[in-house]
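This report describes aromatic ring contacts and charges placed over rings. The sequence and the model come next, followed by the terms and the contacts themselves.

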Amino acid sequence: MEETRLCQWSVIRSILAILQWWGFNVTVIIMNKWIFQKLDFKFPLSVSCIHFICSTIGAYLVIKVLKLKPLIAVDPEDRWRRIFPMSFVFCINIVLGNVSLRYIPVSFMQTIKSFTPATTVALQWLVWSKHFDWRIWASLVPIVGGILLTSVTELSFNMFGFCAALFGCLATSTKTILAESLLHGYKFDSINTVYYMAPYATMILAGPALFLEGPGVMQWFQTHTSLLSALTIIFGSGVLAFSLNFSIFYVIHSTTAVTFNVAGNLKVAVAVTCSWLIFRNPISAMNAVGCAVTLVGCTFYGYVRHLLSQQPPGTPRTPRTPRSLKELLPLVSDKLDDKVQLPKSKGTKYTTLWYCLVCCIDFQEAGGFILFLN
C-alpha cells in the first residue's frame, strides 16, 4: 500500500515538475518576443545583459544570502582557464538566440533550435572523428527534412534571423561538446553554474551592448510612453529566466531521461501554439507538418540514444577501435543517458555534465539566460 502511494506521488511530482518547467520556459520565450515586437525594444544584446545581471543577483541571493544551495569552491585559476571560455561561448549562444527571436517568429525559431542534435553529431563526427550507430544517423533524417520543409514554407522567413538561429544551434553544440573537458572535476549544479558564469557573461556583454545599442536604448527611453510597465516586463523576464533554473533542477530529479526528452519536444509544441495564439503569426499547413516531422525526429533521436545507453557494459558502441587519442576523449553524448537512468532508490545522483547540458539548452531556447536542451 505504501509503495503504491509512493509510486502515485512520484507520478504526480513528475507531472507537476514538467508543467512548471513548461510554464516558466514558455512564459520567458513569449515575454522576450513581446519585448522585441510589442514594446519595440529591439536590442538583443541589452536584453541578454539584463538577464545575466538578474541571474547574477539571483544566484548570489540563493547561495550567499538564503543559503539554499551550498557553494562549490572553484580554484581562482580555473575560473579564468575553464569557466571564462564557457561563459564566452555561452554569450554567443544567448545573443544569437535573442537575435533570431527578434527577426523570426517563435514557432520558426523553436523549430530551428530542434536542429541542435544534428549539429552536435556532425561536429563530433567532423572534429573528433567519432563514429555513431546507423540508427543515430537515421534519426537525423526527419530532423533535417522537417527543418528544410519548415524553412521553405515559412511565411515570415527572414534570412538574418534564420542564420542567427542556425548558428545558435552550432554554438549550443560546441558548448555541449566542450562542457565536459572544461568543467571536468567540478560537480556543478544549475545554480552554481549560474553563480560562476553569469558575472563573466555580464562583463563580456556589457561593453558591446553599451557601444552598439546604447544610443538606441537612450532614444527608446525618450520616446516610449509607458516606461514603468515596459521596464517591469523587461526585468521581469530576467527574473523568470533565473527562476527557470530551479524548475530545470526539479525536473531532472523528478523524471527519467526518456520522459525528459519527450517532455522537451512537447514543450516546443506548447511554445509554438502559445506564440501563435498571442502573436497570430501566419503558419501554413506544410509549415506545421515540417515542425511536427522535426519534433518526431527529435523524439526518435532521444529514444535511440536511450537504447544505446542501455547496452550491457563492455558492448562496443562503434564497429572499430579509436584511430587516435582524440577519439579517446570523453564526449558528452557518451555518458548522459546512462547516468541519468540509474535507479534513484540506490541513492544515485545526477552528474555534473547533465546539469550543465540541460541548463545550457534551456537558457538558449528561452532567448535569455536560461535554455543554461533540447
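## Ring pairs

Rings of Phe, Tyr and Trp (for Trp, its six-membered ring) are taken to pair if their centres lie within 6.5 Å, and a pair counts as stacked with planes under 30 degrees apart, as edge-to-face over 60, and as tilted for the rest. By this rule the count comes to 15 aromatic pairs.

The model is predicted, so local features need pLDDT of at least 70 and side-chain atom pairs count only at pLDDT 80 or more, while totals for chains, interfaces and linings use all residues. Residues are numbered from 1 along each chain as its sequence is written, and side-chain values use heavy atoms, with hydrogens and water left out.

## Pairs between helices

Phe 108 and Phe 162 form a stacked pair, at 6.0 Å centre to centre and with 15° between the planes. Because Phe 108 lies in helix α4 (residues 106–113) and Phe 162 in helix α7 (residues 159–182), this pair ties together parts that are 54 residues apart in sequence; helices here are DSSP runs of H or I with at least four residues, numbered from the N terminus. Both Phe 108 and Phe 162 are buried, a term for under 20% relative accessible area, with exposed meaning over 50% and partly exposed in between (1.4 Å probe, protein chains only).

Trp 125 and Trp 137 form an edge-to-face pair, 5.7 Å centre to centre with 80° between the planes. Trp 125 counts as partly exposed at 42% relative accessibility, as does Trp 137 at 33%.

## Cluster and charges

Ring pairs link Phe 41, Phe 43, Trp 220 and Phe 221 into a cluster. The charged end of Lys 38 sits over the ring of Trp 34, 5.8 Å from its centre, where the rule asks for NZ of Lys or CZ of Arg within 6 Å of the ring centre and within 35 degrees of the ring normal.

Note on methods:
Helices (H or I, at least four residues) and strands (E, at least two) are DSSP runs, numbered from the N terminus.
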